[in-house]
Amino acid sequence: MSETSPKLRAELEGIPTYKPGKPAAAGGPVAYKLSSNENPYPPLPGVMESVAAAASAFNRYPDMACTALTNELAERFGVPVSHVATGTGSVGVAQQLLQSTSGPGDEVVYAWRSFEAYPIITRISGATPVQVPLTPGDVHDLDAMADAITDRTRLVFVCNPNNPTGTVVRRAELERFLDRVPRDVLVVLDEAYREFIRDREVPDGVALYRDRPNVCVLRTFSKAYGLAGLRVGFAIAHEPVAAALRKTAVPFGVSQLAQDAAVASLRAEDELIGRVGSLVCERNRVVDALRSQGWTVPETHANFVWLRLGERTVAFAEACQQAGVVVRPFPGEGVRVTIGETEANDIFIKTAEAFRREV
Ligand SMILES: *Cc1c(COP(=O)(O)O)cnc(C)c1O
């Protein structure tokens with residue numbers, strides 16, 4: 001437009017800004033936010049205490065190397081400290097992986113629909129997104145993804161379970177896929193919802209990465225551990241990938257509050273995993289209720305459910321909002337609904353039932 005405006009990179013044109021889940025409406029009688037896959041439980045008292053203690057020193061920079069957290073994670077997963085890299089949420093780490101591997105002329109392969117951040121961070125890097133449609137059952141089509149790899153491909157995301165469908169790929173098919181990927185292409189297993197999986201055939205990415213130098217596992221404290229607002233996630237990867245992550249990290253990106261809360265959360269794991277168990281029970285209750293109403297619900301292994309509503313997506317999201325729960329619509333495709341507080345899940349179930357009777 002104006003000739004005097006600063007020159008910005010052409011790649012930024014047309015990149016959508018990341019859309020956060022809508023907040024719960026303020027002022028209404030009841031309003032629950034089921035739009036961002038957050039953990040509905042408040043922070044544990046012990047975790048709060050560690051954050052409060054860290055807050056008394058926030059005039060200081062944090063430990064840039066996240067030493068205590070990195071050591072704790074390395075021990076917990078039985079991996080070398082040099083294989084652990086932390087970042088500002090796992091999205092922050094994913095962006096560092098792109099910075100480390102991909103630029104203009106390179107290609108990044110991922111399933112679609114999948115996590116909304118992938119196209120955004122891929123395009124920011126300047127690389128070209130290659131989106132491979134999910135199967136009709138809303139699952140990653142790993143054969144088609146392997147076929148989509150060219151000599152320009154630098155990175156492949158596998159979101160397991162997939163956001164927003166909740167579906168998974170299992171051990172045999174994932175191993176077969178990894179065997180097909182060239183050794184110089186990085187495969188990122190995004191396991192943001194790992195703790196919600198109850199199917200033993202879904203492999204643990206940390207087991208898969210061990211003898212595969214081109215596999216990197218992404219995990220986060222935002223979902224099961226309930227630290228979404230503190231921004232801390234991590235990768236487990238071989239050298240030199242992990243070393244590249246340390247180079248591309250924003251200096252002091254992970255605050256001391258986040259580091260201390262993450263360490264305290266790992267130590268309070270039994271309690272936190274108990275909460276995850278309750279959410280999994282709620283998930284099963286919600287899925288059973290929806291299916292008994294006649295809905296087709298893909299099997300979900302995460303803390304959300306996916307309803308493929310097509311043209312009725314926006315109308316459904318509006319009905320939910322009216323009833324007091326905010327969900328996440330993907331217009332023309334479907335809605336993703338986070339498993340939240342029991343009362344919120346009840347409102348969602350009731351609304352789904354009424355909506356089904358209307359149409
Ligand atoms: C929520 C989510 C993340 C985690 O994001 P943070 O940046 O760690 O909060 C990563 N990947 C997927 C697929 C997600 O849904």
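**Reading a predicted model: burial, packing and backbone geometry**

Modeller: In this predicted model, the end C-alpha atoms of residues 33-348 lie 11 Å apart, and the span is 40% helix and 17% strand. UniProt, in an unreviewed entry, places the feature "domain: Aminotransferase class I/classII large" at these residues, 33-348.

Biologist: What is the order of the seven strands in the open sheet?

Modeller: The order is β2-β8-β7-β6-β5-β3-β4, with mixed pairing. Neighbouring strands of this sheet are turned by 25° against each other on average, with direction ignored.

Biologist: What makes β2 and β4 edge strands?

Modeller: Each of them, β2 (84-87) and β4, pairs on one side only.

Biologist: How do you know that β5 and β6 count as paired, and in which sense do they run, parallel or antiparallel?

Modeller: Two strands pair if at least two bridges are found between them. β5 and β6 have five bridges, in the parallel sense, so the pair meets the criterion. As one example, phenylalanine 157 has valine 188 in β6 as its bridge partner.

Biologist: Which strands does helix α2 lie across?

Modeller: Helix α2 (residues 67-77) lies across β2, β7 (215-220) and β8 (233-237), and runs at about 130° to β2.

Biologist: Why is helix α4 called mostly covered?

Modeller: Seven of the nine residues of α4 (117-125) are buried, and buried means under 20% relative accessible area. The seven are Ala117, Tyr118, Pro119, Ile120, Ile121, Thr122 and Ser125.

Biologist: What covers the buried residues of α4?

Modeller: The cover includes helix α3 (89-101) and the strands β3 (107-112), β4 (128-133), β5 (153-159) and β6 (186-190). Just after α4, glycine 126 takes a positive phi of about 95°.

Biologist: Why are α10 and α12 described by the word parallel?

Modeller: Helix α10 (residues 269-292) and helix α12 (residues 342-358) pack at an angle of about 10°, with their axes 10 Å apart. Angles under 35 degrees count as roughly parallel, and therefore α10 is roughly parallel to α12.

Biologist: Which residues make that contact?

Modeller: From α10 they are Glu282, Arg285, Val286, Ala289 and Leu290, and from α12 they are Thr342, Asn345, Asp346, Phe348, Ile349 and Ala352. By class, the contact of α10 with α12 has six nonpolar, two polar and three charged residues.

Biologist: How do you know whether glutamate 282 is buried or exposed?

Modeller: The relative accessible area of glutamate 282 is 12%, and the limit for buried is under 20%; glutamate 282 is therefore buried. Glutamate 282 is found in helix α10. Leaving aside neighbours within four places in sequence, glutamate 282 is in contact with Ile339, Thr342 and Asn345.

Biologist: What does UniProt place at Lys223?

Modeller: The unreviewed UniProt entry places the feature "modified residue: N6-(pyridoxal phosphate)lysine" at Lys223. In the model, lysine 223 lies in the loop between β7 and β8.

Biologist: What makes the phi of cysteine 66 worth a remark?

Modeller: Most residues other than glycine have a negative phi. Phi of cysteine 66 is near 50°, a positive value in a residue other than glycine. Cysteine 66 lies in the loop between α1 (45-55) and α2. With a relative accessible area of 2%, cysteine 66 is buried.

Biologist: What is the phi of aspartate 138, and how do you know whether aspartate 138 is buried or exposed?

Modeller: Phi of aspartate 138 is near 65°, again a positive value in a residue other than glycine. Aspartate 138 is found in the loop between β4 and α5 (142-147). The relative accessible area of aspartate 138 is 6%, against a limit of under 20%, so aspartate 138 is buried.

Biologist: Which residues are joined by a cis peptide bond?

Modeller: Most peptide bonds are trans. A cis peptide bond joins tryptophan 112 and arginine 113, with omega about 10°; arginine 113 lies in the loop between β3 and α4. A cis peptide bond also joins glutamate 239 and proline 240, with omega about 5°. Proline 240 lies in the loop between β8 and α8 (241-248).

Technical notes. Residues numbered from 1 in each chain as written. Predicted model: local features only at pLDDT ≥ 70, side-chain atom pairs only at ≥ 80, totals over all residues. Heavy atoms only, no water. Buried < 20%, exposed > 50% of the residue type's maximum accessible area, 1.4 Å probe, protein only. Helix = DSSP H or I, 4+ residues; strand = E, 2+ residues; numbered from the N terminus. Contact = heavy atoms within 4.5 Å. Axes fitted to C-alpha atoms, helices over the stretch in contact; angles between N-to-C directions. Parallel < 35°, antiparallel > 145°, perpendicular 65-115°, else oblique. Nonpolar A, V, L, I, M, F, W, Y, C, P; charged D, E, K, R; others polar. UniProt positions renumbered as here; feature names shortened; annotations may be inferred.
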